[in-house]
Amino acid sequence: MFMFVPSDRPPMADQDDRPSDCEFVLPETKVERLSERSVSDPVELFSTIGNETRYRILLFLTEAEEPVCGCELEPHFDVGQSSISQSLTRLHRADLVMRTKEGRWRYYEPTETASRLVELIEDNVYDEPLLSG
C-alpha cells in the first residue's frame, strides 16, 4: 500500500537531488497501470454522494424497510420536490437506487452497492453511526 507521508522538507527539484535512501515504493508496472486506468466511474460515484441532499436520501432509503415513494421524502428535506426528484434521478443513473413505477408514483430502494457504501461510510466516519443498528 502506498502512503503519502507529509514532510517538513520543501519539494525537491528533480530525482538527482533526492537523498540516497529515498526510494519510491510502488513498482513501475503499478505506477503505469494506475496512471492509465480510468477513474471516471468512481469519481462520478463520489460526486453523486458528495451532495448533502443525495447522501441524506440514501440514508433514508437504506433505513426504510420497503421501497419509498419519492413524494414521501419531500417533507423531511429543506428542498423542493423538483430537487428531490433530480437527486433521485442522479442516484438512479449512478446505480445507487432502484426505481419501480406504479401508476404515476415512483418507488425507490437502495441497491446493494448503495447499502454497502452507506454502511462503510457510517461505520467509519462516525464514532456513533447515524444509522440505527
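**Figure 1. Lining of the second largest pocket in this predicted model.** The lining consists of Cys-69, Gly-70, Cys-71, Gln-81, Ile-84, Ser-85, Leu-88, Thr-89, Arg-104, Trp-105, Arg-106 and Tyr-108. A pocket here is an open set of points on a 1 Å grid over the protein atoms alone, with protein on both sides within 12 Å along at least five of seven lines; lining residues have an atom within 4 Å of a point. The space in this pocket is about 180 Å³, taken as the volume filled by probe spheres (1.4 Å) set on the points. Helix 4 (70-73), helix 5 and strand 3 (105-110) each give at least two lining residues. Helix 5 has the largest share, with five. By class, the lining holds six nonpolar, four polar and two charged residues. Nonpolar covers Ala, Val, Leu, Ile, Met, Phe, Trp, Tyr, Cys and Pro; charged covers Asp, Glu, Lys and Arg; the others, Gly among them, are polar. Helices (H or I, at least four residues) and strands (E, at least two) are DSSP runs, numbered from the N terminus.

**Figure 2. Crossing of helix 3 and helix 5.** The axes of helix 3 (residues 52-63) and helix 5 (residues 81-93) come within 10 Å and cross at roughly 75 degrees. Helix 3 is therefore roughly perpendicular to helix 5 (65 to 115 degrees). Axes are lines fitted to C-alpha atoms over the stretch in contact, and angles run from 0 to 180 degrees between N-to-C directions. Helix 3 contributes Thr-53, Arg-54, Ile-57, Leu-58 and Leu-61 to the contact, and helix 5 contributes Ile-84, Ser-87, Leu-88, Arg-90 and Leu-91 (heavy atoms within 4.5 Å). Six of these residues are nonpolar, two polar and two charged.

**Figure 3. The hairpin of strand 2 and strand 3.** Six bridges join these antiparallel strands. Thr-100 stands opposite Tyr-107. Lys-101 stands opposite Arg-106. Two residues lie between the strands, and Gly-103 takes a positive phi near 65 degrees.

**Notes.** Residues are numbered from 1 along each chain as its sequence is written; side-chain values use heavy atoms, without hydrogens or water. In this predicted model, local features need pLDDT of at least 70 and side-chain atom pairs count only at pLDDT 80 or more, while totals for chains, interfaces and linings use all residues.

Note on methods:
Angles under 35 degrees count as roughly parallel, over 145 as roughly antiparallel, 65 to 115 as roughly perpendicular and the rest as oblique. Two strands pair if DSSP finds at least two bridges between them.
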